[in-house]
Amino acid sequence: MAVIADPKAFLESLFHAAVSAADPARVLAANLPEKPKGRTVVIGAGKGAAQMAQVFERLWDGPLTGAVVTRYGYGARCERIEVLEASHPLPDENGMTASRRLLQEVRGLTEDDLVVALICGGGSALLPMPAGGLTLDDEIAVNRALLASGAPISAMNAIRKHVSGIKGGRLAQAAWPARVVSLVVSDIPGDDPALVASGPTIPDDSTREDALRQIERYRLELPEKVMAFIRSEASAAPKPTDQAFHRNEVRLVASAAVSLEAAAKTARAAGVEAVILSDAIEGEAREVGLVHAAIAREVAVKNRPFQKPGVILSGGETTVTIRGKGKGGRNSEFLLSLALGIDGTEGISALAADTDGIDGSEDNAGAFADATSVARLVAAGIDGAALLDRNDAWSAFDTIGDIFKPGPTGTNVNDFRAILVQ
């Protein structure tokens, strides 16, 4: 087994291997649909939608038109597909404009036409379309409450689609009788494509009763008119059995599972054994951090459940219940909790980052930590536990120079965590 002299560089190489495995240039070529007799219209939403559109129009040998929406600063140059940008994680007016634009693109089509939907994580916020007399401010209030709630993505999307005029399959329903092929990059634990971006082109079976149960479970305080709308039959989303979806197809083109396997292969090529815990880990980021810390300590001190040297890999989507007013995101919060858990245990180094390149409120994907992180914080006069309590993990890692900032990656298969134990 190899000795890794530069743990940061090694961990970063695993991150880039994971991202590369979900690169649209690698995954779309094998998933092109059959050409239609009629028109080809491309629509899309998510943090990697512009890069997917750029690759798709390069691969597609035939005429096409369309529009996609991505986060501000995540655009890519396209010749035939219009790229729109809007706000994430809270929606804005430009998102409303984009939603109307995508609906406009798919209206008036025939059964000979093809709609290709390029869907990836982040699309929920980028496609606001408040339904039933609700306003953009109402949808923003729903998103703000969800982001602070600690609810898993499945619960969030069950609620989002019941206040929307475009999510939960409604965009595909508007395209009927055209055939819709959805090419999905999954950022969802378990890889249910109907949950990615709240499924604008893919319906699921969740009901308004499910949405109301999740609101009660996570004690969400939503505007009364939002609650009244969800309670009404008008909020019901289309079912998968609706005839509008009978000819449609869904292809999962990239996922955390594939990306973690690519990272593991890279580690083994460097002479380090890799163990994938799971590609679908959920829960409070700080609690998941403590569990990962305990596993890493067990390996470091007792050589179990596997022997060192080795790297522990995991993916999924943790959540943060916001209690303070600090900076950061779920990966930074996970890592600060882990840093506190491995304090002083020699030989442990870790990276946690969002594969889209942005973790939460700042411009970093995540951060690095090791057995000396807490000691370095103490030397700088900082109490890491206090920063964790106020959700300010970014400030902790920024202080000790361990922020990880690769920039937008053009894809999104959610959280990436790698812990090296030597």
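I take helices (H or I, at least four residues) and strands (E, at least two) as DSSP runs, numbered from the N terminus. I am working on a predicted model, where local features need pLDDT of at least 70, side-chain atom pairs count only at pLDDT 80 or more, and totals for chains, interfaces and linings use all residues. Residues are numbered from 1 along each chain as its sequence is written, and side-chain values use heavy atoms, with hydrogens and water left out.

**Entry 1: overall**

I counted the secondary structure of the protein: 16 helices and 12 strands. Next I checked the radius of gyration, taken over C-alpha atoms. The globule rule is 2.2 Å times the number of residues to the power 0.38. For 422 residues a compact globule would come near 22 Å, and the protein has 22 Å, so the two agree. Along the principal axes, I find that the C-alpha atoms fill a box of roughly 65 × 50 × 35 Å.

I then looked up burial. Buried means under 20% relative accessible area, exposed over 50%, and partly exposed in between (1.4 Å probe, protein chains only). By that cut-off 59% of the 422 residues are buried. For contacts I use heavy atoms within 4.5 Å. Among contacts with a separation of 6 or more, 79% join residues 24 or more positions apart.

**Entry 2: H1 against H11**

I fitted axes as lines to C-alpha atoms, for helices over the stretch in contact, with angles from 0 to 180 degrees between N-to-C directions. H1 (residues 7-21) and H11 (residues 256-269) have axes that come within 7 Å and cross at roughly 140°. Angles under 35 degrees count as roughly parallel, over 145 as roughly antiparallel, 65 to 115 as roughly perpendicular and the rest as oblique. H1 and H11 are therefore oblique to each other.

I read the crossing of H1 and H11 as right-handed, meaning the near helix is turned clockwise from the far one by less than a right angle. H1 contributes Phe10, Ser13, Leu14, Ala17, Ala18 and Ala21 to the contact, and H11 contributes Val258, Ser259, Ala262, Ala263, Thr266 and Ala267. I sorted these residues into 9 nonpolar, 3 polar and no charged. Ala, Val, Leu, Ile, Met, Phe, Trp, Tyr, Cys and Pro count as nonpolar, Asp, Glu, Lys and Arg as charged, and the others, Gly among them, as polar.

I looked up Ser255 in the loop between strand E6 (249-254) and H11. Ser255 has a relative accessible area of 5%, so it is buried. Leaving out residues up to four places away in sequence, Ser255 touches Ser186, Asp191 and Val413.

I found Val272 in the loop between H11 and strand E7 (273-281). Val272 is buried because its relative accessible area is 1%. From Val272 to Val3 I get 8.2 Å, C-alpha to C-alpha, across 269 residues of sequence.
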